[in-house]
Amino acid sequence: MTLRVVPLSKTFTVHSSLLFDPKQKAFRKNISIEVDRDTGSITNVYERDDEDDLRLQIHVGDIDLRGAGKCVLPGLVDSHTHVFLHSYTDRPSIEQMRDASALERIIRATSHVRAALLAGFTTYRDLGTEALGNADAQLRDCINRGLVPGPRMFVATDALASNGSYEIRRENKSLSGSGGLIVPRASDPCDGVDGVRAGVRRRVGDGADIIKFYADYRRKVMRFPGPGTSNTSNQSILFPPDDPRRRNPAVPLFGQDEMDAIVREAKLAELPVAAHAGETKAALMAARAGVTTVEHMFEDSNGLLDETLKEMKRQGTIWVPTLATVESAAPQFMEDCLAAVGKAVKIGVRVATGGDTGVIDHGLNARELELFVKAGIPIEEVLEMATVGGWEACGGELTGYRFGWWEKGCRADIIALDADPREDEKALRKVGFVMKDGKVWKRDGRAVDMITVPEFPPSMDN
Ligand SMILES: [Zn+2]
């Protein structure tokens, strides 16, 4: 008997019976996707006849994702993550930054990115290492070199913040200003138009894909130190006593001229800009400056929500409301946030889904999408925000890639759920298959062997 070795063809095909198409915001039947084995990009997308299916030939190397209950989606994008943080309910971020070794944080991050990939998230928009410099750029490169499995990462390295803003919260400073407890620097401080331009340039030089800046923060925290700070008591200082929500409000960190300069300088480098804004006041300034995305925007103490949403629509600003973090860290704002997201979608503000994952554990990324459904947004819209919306938040064409929809030239990021998300509200937790860049990482609900171990070469045979 002779064995004939058939060389693998240049392409293989992924067959689906039910597939979500983000560009059409619709579920479609009997779609096949042809993938280039070498480049990991999609070469063809076509619809099969029902008749064809009866005699469909599954060639060696093809992948069959047809079958009752299976639903194929483009790989999902989490548009706001922190790979170097784990759940704040386990440890507050200040303790993770202050007490954990860099090595522990990096080892944890390698588990985080693996968990995210296996949960169907093939792209991460990672917005700041929180006191680990540009380790995110290095982790991104390690993933791209195949050293560790994880999503395609777009990273911010350090976030920009004005001096004395992020993250200053310790009481144990000696009176002379030196000594005492040192909390690692969690941002790249810069001030003034020239200062922020230099800040953007430092980020570009450090390997950033995205420029992130803090448009506002609770910078007056040392006036009323609370339990989250490095203070000596678990008790908040109850002053002023009548409105605990406004005790330490987020206030702008930059003037309009500085925000404008950040965006202008990022444009020169052809990079997108993300603005952290807890309040609508700073979000409005950031939108006017022309940022790509506004993150959070949980609070509207100044009654500027309508004006801000209108400006965001006019400018094409994308909102990433990070609802999963509201749910876990600031539930008192949840109802207002769900209503604001509903309003934004209704008037046509572009929205993308990102959980601020890290505040909740990596791997639970789908929670953000579930909360969007809870806000009353149809699943077809939510899935579009989590794919095409994510690509746009990452910078769209500025990323140098296309991912999140089905078209020749898009990356072959393909996942399959074991349930139909129109019928099962937990379907996004049931990811049975994951492919990124044409490479399979999960099959039949199980991780594919991820670490390449050396094999003895023929030269060692004797
Ligand atoms: Zn964040």
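1. In helix α7, the buried residues are Thr280, Ala282, Ala283, Leu284, Met285, Ala286, Ala287 and Ala289, where buried means under 20% relative accessible area, exposed means over 50% and partly exposed lies in between (1.4 Å probe, protein chains only). The helix spans residues 280-289 and is mostly covered, with 8 of its 10 residues buried. Just after α7, Gly290 takes a positive phi of about 95°. Helices (H or I, at least four residues) and strands (E, at least two) are DSSP runs, numbered from the N terminus.

2. This is a predicted model, in which local features need pLDDT of at least 70 and side-chain atom pairs count only at pLDDT 80 or more, while totals for chains, interfaces and linings use all residues. Residues are numbered from 1 along each chain as its sequence is written, and side-chain values use heavy atoms, with hydrogens and water left out.

3. For the protein as a whole, there are 13 helices and 23 strands, and buried residues make up 53% of the 462 residues. Among contacts (heavy atoms within 4.5 Å) between residues at least 6 apart in sequence, 71% join residues at least 24 apart.

4. Which strands form the open sheet with mixed pairing? The order is β5-β4-β1-β6, a sheet of 4 strands, where two strands pair if DSSP finds at least two bridges between them. Because β5 (42-47) and β6 (63-65) each have a single partner strand, they stand at the edges, and one side of each is left without a neighbour in the sheet. Neighbouring strands here are turned by 15° against each other on average, direction ignored; axes are lines fitted to C-alpha atoms, for helices over the stretch in contact, and angles run from 0 to 180 degrees between N-to-C directions. Strand β1 (residues 11-16) runs parallel to β6, joined to it by 3 bridges, and His15 stands opposite Asp64 in β6.

5. Ser17 lies in the loop between β1 and β2 (18-21), and its side chain reaches the backbone nitrogen of Gly67 at 3.0 Å. This is a polar contact, that is, a pair of N or O atoms within 3.5 Å, of which, within protein, one must be able to donate a hydrogen and the other to accept it, with residues adjacent in sequence counting only if both atoms are side-chain atoms. Leaving aside residues up to four places away in sequence, Ser17 touches Arg28, Lys29, Asn30, Leu65, Arg66 and Gly67.

6. A parallel open sheet of 3 strands has the order β8-β9-β10, and its edge strands, β8 (76-81) and β10 (152-155), each pair on one side only. Strand β9 (residues 121-126) pairs with β10 over 4 bridges in the parallel sense, with Thr123 opposite Arg152 in β10. Helix α4 (residues 135-144) lies across β9 and β10, running at about 160° to β10.

7. The axes of helix α5 (residues 192-205) and helix α6 (residues 256-268) come within 9 Å and cross at roughly 35°. Gly192, Val193, Val196, Arg197, Val200 and Arg201 in α5 meet Asp257, Glu258, Ala261, Ile262, Glu265 and Ala266 in α6. By class, this contact has 6 nonpolar, 1 polar and 5 charged residues, where Ala, Val, Leu, Ile, Met, Phe, Trp, Tyr, Cys and Pro count as nonpolar, Asp, Glu, Lys and Arg as charged, and the others, Gly among them, as polar.

8. Two backbone values deserve a look, given that most residues other than glycine have a negative phi. Asp356, in the loop between β19 (350-351) and α11 (367-374), has a positive phi near 60° and is buried, with a relative accessible area of 7%. Asp444, in the loop between β22 (439-443) and β23 (446-447), has a positive phi of about 50° but counts as exposed at 67% relative accessibility.
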